[in-house]
Amino acid sequence: MLVLNCSTKLLILEKMLKSCFPESLKVYGAVMNINRGNPFQKEVVLDSWPDFKVVITRRQREAEIDNLDHYTNAYAVFYKDVRAYRQLLEECDVFNWNQVFQIQGLQSELYDVSKAVANSKQFNVKLTSFKAVHLSPVSTLPDTSFLKGPFPRLTYLSVAEADLLNRTWSRGGNEQCLRYIANLIACFPSVCVRDEKGNPVSWSITDQFATICHGYTLPEHRRKGYSRLVALTLARKLQSRGFPSQGNVLDDNMASISLLKSLHAEFLPCRFHRLILTPATLSGLPHL
């Protein structure tokens, strides 16, 4: 195992990962954030350098840790040789097996290999699989002509609004998610539409892997074009900073799939896999 902390080598790694799209997208996004201030306190672990077979991004060991916070305790994985990934997975000091955590990646063997090792350590593994999506470059500003007067207004979220997002996110509703969302809003780009009272009615945020997530419009404000406007604006904001505009969507989320198709989004040939690994001793907790 090698922790890559040289800024020059990390920039080289970023370029190397770009040549491995789309399977490397999650790791690439995390490495980009590391190279641009590292607001989420991440680090990179490899099997070797520069001829690596596997790259893993994880929280820095010195970062504050909540062992129940699988949102923040998240690893992104990209491998050229799945055997090298399994070897790092089995090493005692690469992953923190004393906590609930998640593993993200875009490669088909990720689940089976992770589950086999997790089972040997008496961990439960919950898999969620998504369509992986990439938005083409947005060359012009989205149409905002339907936003009449000072409100509705297109802007960004504040940390004070994390509770609203926690309550409306299908993955939310708990203390760990509330803290995680607040950190995402503080660290990464977001976009929202506000009503005449200044309250968010439609929004989307960016996560620690530079992925567009939690796109949501309050039910009473749907079918007004807000979701389209938010998605295009956030994609353009990310692209203007050099980031790929990537996202994920569940197979049965037909409303979001229709929206993405109308935006001419590319549905990638690989799928996005999110694994949540929970020690058997903690698996009875309700929010896990």
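Analyst: Helices (H or I, at least four residues) and strands (E, at least two) are DSSP runs, numbered from the N terminus. This is a predicted model, in which local features need pLDDT of at least 70 and side-chain atom pairs count only at pLDDT 80 or more, while totals for chains, interfaces and linings use all residues. Residues are numbered from 1 along each chain as its sequence is written, and side-chain values use heavy atoms, with hydrogens and water left out.

User: OK, how many helices and strands are in the protein?

Analyst: The protein has eight helices and twelve strands. Its radius of gyration, taken over C-alpha atoms, is 19 Å, close to the 19 Å that the globule rule (2.2 Å times the number of residues to the power 0.38) gives for 288 residues, so the protein is as compact as a globular protein of that length.

User: And what share of the residues count as buried?

Analyst: Of the 288 residues, 52% count as buried, meaning under 20% relative accessible area with a 1.4 Å probe and protein chains only, where exposed is over 50% and partly exposed lies in between.

User: Switching to Ala 118, where is its place?

Analyst: Ala 118 sits in helix 4, which covers residues 110-120, and at 0% relative accessibility this residue counts as buried.

User: Which residues is Ala 118 in contact with, leaving aside neighbours within four places in sequence?

Analyst: With those neighbours left aside, Ala 118 is in contact (heavy atoms within 4.5 Å) with Trp 97, Phe 123, Val 125 and Leu 277.
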